[in-house]
Amino acid sequence: MKIIILGAGQVGGTLAEHLASEANDITVVDLDTERLRDLGDRLDIRTIKGMASFPTVLRQAGADDADLLVAVTNSDEVNMTACQVAYTLFHTPTRIARIRNSAYLSRDELFADEAIPVDVIISPEQLVTNYIKRLIEYPGAFQVIDFAEGKAQLVAVKAYYGGNLIGQQIQQIKTLLPNIDARIVAIYRHDHPILPNGETIIEVDDIVFFITAKNNVRSIINLLRRAESANRRIVIAGGGNIGERLAEAIETRYQVKIIEHNTVRCRELSEKLDTSIVLQGSASDKELLVEENIAEADVFLALTNDDEANIMSSLLAKQLGAKKVMTIVNNPAYVKLIQANTIDIAISPQNITIGSLLTHVRRGDMVSVHSLHQGVAEAIEAIAHGDEKSSKVVGRTVERVGLPPGTTIGAIVRGDEVIIAHDDTLIQSEDHIILFVVDKKYIRDVERLFEVSIGFF
């Protein structure tokens, strides 16, 4: 595909990296010469310096025959204008824009071809909020992903002493939970992927990815580590967009405190939120944390825009007794570094956002794509179309589908039914297939499986 990416920041740069490795024709536009040079040196892409919404710049970037425009600059207005220009002057088929401000997002009628022609709106703050909300709902998990509108979930858990499945073969799940169907689709042991079978033994510190119907998730987590009590007390450091949205989303179910240093922002938050307690101060203030009983907190969340501030306040909260700490980290170099130590979960906004963008780039009918394990793996929900003659998956059992190396079909969602995939499971047309791909270099092969031959049409 010929793709123009507007904005060379964290999201634009990471997206370029993902797509360039998949043999796409990528052009990145930004005003920052240094960022462009860095991307151009590392990746096989074109870079153009200029204002992303200017017609001359878009033409220079190849808008005349581009398949896709992805506008992810730091300005909502530039992103929207660029989509308008691409639609009006260049008839670009698909236009994606990152839009952060809720003042725009609350008006659906704005985003139509006759108004502002944006096909897909990406709201990183909302994506990250939903991601964190799921983590709070499932103590013990460090990644929870919805498929088929939440009917099935892919969950990552670190195996820990006390879980009944530790030291056991995977096939023991059936004995321990006879009424629950689930599939372990991948294990990372010492950072190396293992494609498990029924005889694979779960070891302490394994990162286990499993898929099951939503109602069964807690039961499987409890097999892999000691059962943890439900979260009740949540402390949020940072009252920005994500902090506010998260508090709004969870305050009816949890006791929420927000720590925000800006006095004016504190006043705004206290007016907008119903039951959350808003505290003015620094999340790195030890006295404040002690005074607010941080040792009683089930989860401490550092959600500011400052990586260093997030890391320091999280380390302090953990030291003072917070049961679990989660931290937003924008710098990918920090993610692996801190998650291996005191901080329980490092949250990468660009990895969460990238998955949403990749959904619209993949060939075949991809409903959702999620970047996993620091971006080296992917989980994909794809819809099977066609019949036995026109499709490479329809009418075949799972074991007869020619899956690329390191790829597993974890589950099939058929209507409201979640079917855990076994070798003899038959795939039907319109099934939603959930796949785990350990090595991203085989993504194109996965896409080909879901492309219907031309005769079908």
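Me: Where is glutamate 114 in the chain?
Reply: Glutamate 114 sits in the loop between helix H5 (102-105) and strand S6 (120-122). Helices (H or I, at least four residues) and strands (E, at least two) are DSSP runs, numbered from the N terminus. The model is predicted: local features need pLDDT of at least 70 and side-chain atom pairs count only at pLDDT 80 or more, whereas totals for chains, interfaces and linings use all residues. Residues are numbered from 1 along each chain as its sequence is written, and side-chain values use heavy atoms, with hydrogens and water left out.

Me: Why is glutamate 114 called exposed?
Reply: Its relative accessible area is 72%. Buried means under 20%, exposed over 50% and partly exposed in between (1.4 Å probe, protein chains only), so glutamate 114 counts as exposed.

Me: What makes serine 219 partly exposed?
Reply: The value for serine 219 is 27% relative accessible area, which falls in the partly exposed class. This serine belongs to helix H8 (residues 217-224).

Me: Which residues does serine 219 contact, beyond its neighbours within four places in sequence?
Reply: Serine 219 is in contact (heavy atoms within 4.5 Å) with Leu177 and Ile180. For isoleucine 180, the C-alpha distance to serine 219 is 8.5 Å, and the two are 39 residues apart in sequence.

Me: Why is arginine 189 called buried?
Reply: Arginine 189 has a relative accessible area of 17%, so it is classed as buried. The residue is found in strand S9 (residues 182-189).

Me: What does arginine 189 contact when neighbours within four places in sequence are left aside?
Reply: The contacts of arginine 189 are Ile194, Ile201, Ile202, Glu203 and Asp206. Isoleucine 202 is 13 residues away in sequence and 9.5 Å away from C-alpha to C-alpha.

Me: What stands out in the backbone of histidine 190, and where is it?
Reply: Histidine 190 has a phi near 55 degrees, a positive value in a residue other than glycine. Its place is the loop between S9 and strand S10 (192-194). At 69% relative accessibility, histidine 190 counts as exposed.

Me: Why is aspartate 205 put in the partly exposed class?
Reply: Aspartate 205 has a relative accessible area of 43%, hence the partly exposed label. This aspartate lies in the loop between S10 and strand S11 (207-213), and its phi is positive, about 75 degrees, although it is not a glycine.

Me: Why is helix H1 described as largely enclosed?
Reply: Nine of the eleven residues of H1 (residues 10-20) are buried, so the rest of the structure largely encloses this helix. Among them are Val11, Gly12, Leu15 and His18.

Me: What makes helix H14 mostly covered?
Reply: Nine of the ten residues of H14 (residues 349-358) are buried. Helix H9 (residues 241-250) is also mostly covered, with seven of its ten residues buried; these include Glu244 and Arg245.

Me: Why does the radius of gyration agree with a compact globule?
Reply: The rule, taken over C-alpha atoms, is 2.2 Å times the number of residues to the power 0.38. For 457 residues the rule gives a value near 23 Å, and the protein chain has 23 Å, so the two agree. The C-alpha atoms fill a box of roughly 60 × 60 × 40 Å along the principal axes.

Me: How many helices and strands are there, and what share of the residues is buried?
Reply: The chain has 15 helices and 22 strands, and 54% of its 457 residues are buried.
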